[in-house]
Amino acid sequence: MNIMDQMTHRGLAKLAREFGGLVHLRLGMRHAFVVSTPDVAREVLQVQDNLFSNRPATIAIQYLTYDRADMAFAHYGPFWRQMRKLCVMKLFSRKRAESWAAVREEVELLLSTAHASRGTPIDLGEAVFNLTMNITYRAAFGVRSEHGQQEFISILQEFSKLFGAFNLADFVPWLRWFDPQGINKRLVEARGSLDRFIDRIIDEHVTNPKPVDSLDTDMVDDMLTYLDTGDKNTNNQSAQVDDELQSSSFKLTRDNIKAIIMDVMFGGTETVASAIEWAMAELMKSPEDLKRVQQELAEVVGMDRKVHESDLDKLPFFMCAMKETLRLHPPIPLLLHETAEDCEVSGYHVPARSRVMINSYAIGRDPKAWEEADAFKPARFERAGAPDFKGSHFELIPFGSGRRSCPGMQLGLYALYLTVAQLLHCFEWELPNGMRPSELDMNDVFGLTAPRAVRLVAVPTPRLSCPCFRVLSLCFCFLYVNKSLRGLTIMDKELLCFGMCWLIKVDCVMSLKDMKQGETTLDVYTLD
C-alpha cells in the first residue's frame, strides 16, 4: 500500500486494525496521529478538548481561507468563539426562516423533476447535488444558483481539488519556494476567481441594503451588518441586531465574509448531497428496510399527501435508518485537529502542533463497538440506550464533538430528513436495467467528503393516491412563499388559494396549523 492509499479513511482504518486505536505517523517533518476507536476519541474530544481544539491547515487551506479568516480552520480563541457565535445565533439559526424555507421549496422542485421523469432512469446523485447547491446558494446569496451557477460550481470544484491535493511542501516546507507541482500558481488563480465572484455579490448587497429586521435576509446581509467600514452609524445599527456580539466590538472584513461563504458552500453542499445519496442507496440495497420505512410513512403520513415537517418526529424507524447511514458514511470521514501544546493520549506523548485525524469512518465501523459493523442494520438503533450523534456517544460522531462540532448540523439534518422522507414516501424506486440490489456499487471516493464512486441512478414511480406533482401544486407552493404576498394575512392567503382552486375545479388541502408552522407543501387532487 503506497502513501496515498494509506492516507485515506479506508487506508487509515486498515492501519488501525493492525496497530490499534492510536497510530503515530511521521510525514516528512510533521507528526500525525490517527484516532480510530471511541475510547481514544473521547479522550481527545472530551477529556482534553481544550488542547485539541485547533485546526491544522495545509498551504492550500491557509491561502484559500485568507489566512484562516473563516470559522472552520481558525485556531481556537476569541476570534473563533465570536465567529462560531455568529454562525450559531445568526447564519444557521432556526429563526432564519429563509434558509429553512429554501429547503422545503427546493425539495418540492426535486419531487416535480422526479415526477416528470417517472418510469425512466434519473441520475439521483446529480439531482440531489443540484438540490443542496441551490439550498446553500439561496441561503448565502438570496437567489437560486442559476444566477452564476456554472461559474461558482467551477470555482468550488477547483477549490475542492486544491484542498484535497497531496502537496509535498506541506511535509517538507522548504519545497514551497520551488513549487515542484505547480500548486502555488493554481492557488492564486483560484482565489482570484473567488474574489471577483463574491466581491460582485457583496457590492450588490451593499448597494441595495435590506432593513435590519427584514424577514428575507440572506447570509451575506447578516454578515454585512458586522462589516468593519469605519462608519459609526453602521456600528450602531448592527448593535440593535445582536447586543451580545456587538458588546465585544465584533467586526468582519470582506475576507472574513468570503471565507465564511466558502465554509457554508463546502459544508452544506457536497456533505448533505452525499448523505442523501448514501441513504437512498443503502435503503435500495436493503429492500426489507426500505419496505419498512415506506410502511411507516404510509401509516403516519397517509397516502393522500406529502410529508410535512411536523411528521418527521413521528417516524422512529426512518430516523434509525438515517442514523445508520451516517454511521456507515459520515459526511466528513476524517476530522482534523491540531494540538495546542505537548500532551499525553492513552499514555503516549503527543508533541505540540501535531496533526490529529479523528477517523469517524473507522469509529463507526469499530467491531468492538458495533455488532456486524459493516452491515446496514437500522434496527440496531431501536434498542434502549443506542448511541446518538448529539456528541456524547463517541461510537457515533459524524458531525464531530466538543468545541469544533459542526455548527450547521441542524440545517443539514433537516435537509437530509425532509429530502429522503419525501423521495421515499412519494415514489417507489427501482434500479435500472433489471439490476439487482446486491449488484449496487457501494464504493466511495476519498476527498474532503467520501461520496459514492458511481452516481446512484434509479427509476421513480409515483406512489401516492393523489396527483400531488401537478404543475399547479408547484405554483401554489411558490404562491405561499412569494415575497410580494408577505403583507397578506394567513386568512387572506388561504382565501386567495381556495378562490383559485374553485376557478380551475381543484381542491387544495392545507391546514391553518401547517401554514402557521411554515409548511409550504400543498397537496392537490381533482374534484371529479
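Hi everyone. Two strands pair if DSSP finds at least two bridges between them, and strands themselves are DSSP runs (E, at least two residues), just as helices are runs of H or I with at least four, all numbered from the N terminus. What we have here is a predicted model, where local features need pLDDT of at least 70, side-chain atom pairs count only at pLDDT 80 or more, and totals for chains, interfaces and linings use all residues. Residues are numbered from 1 along each chain as its sequence is written, and side-chain values use heavy atoms, leaving out hydrogens and water.

Let's start with the sheet. In which order do the 4 strands stand? The order is E1-E2-E7-E4, in an open sheet with mixed pairing. E1 (22-27) and E4 (334-338) are at the edges with a single partner strand each, so one side of each has no neighbour in the sheet. E4 is joined to E7 (residues 355-359) by 5 bridges, and the two run antiparallel. Within E7, methionine 357 is the bridge partner of leucine 336.

Now the helices across it. Helix H2 (residues 9-19) lies across E1, E2 (30-35), E4 and E7, at about 120 degrees to E1; angles run from 0 to 180 degrees between N-to-C directions, with axes fitted to C-alpha atoms, for helices over the stretch in contact. Contact means heavy atoms within 4.5 Å. Helix H3 (residues 38-47) lies across those strands too, at about 120 degrees to E2.

Finally, H14 (residues 270-285) and H15 (residues 287-301) pack at about 110 degrees, their axes 5 Å apart. Among the residues that meet are Leu283 in H14 and Val293 in H15.
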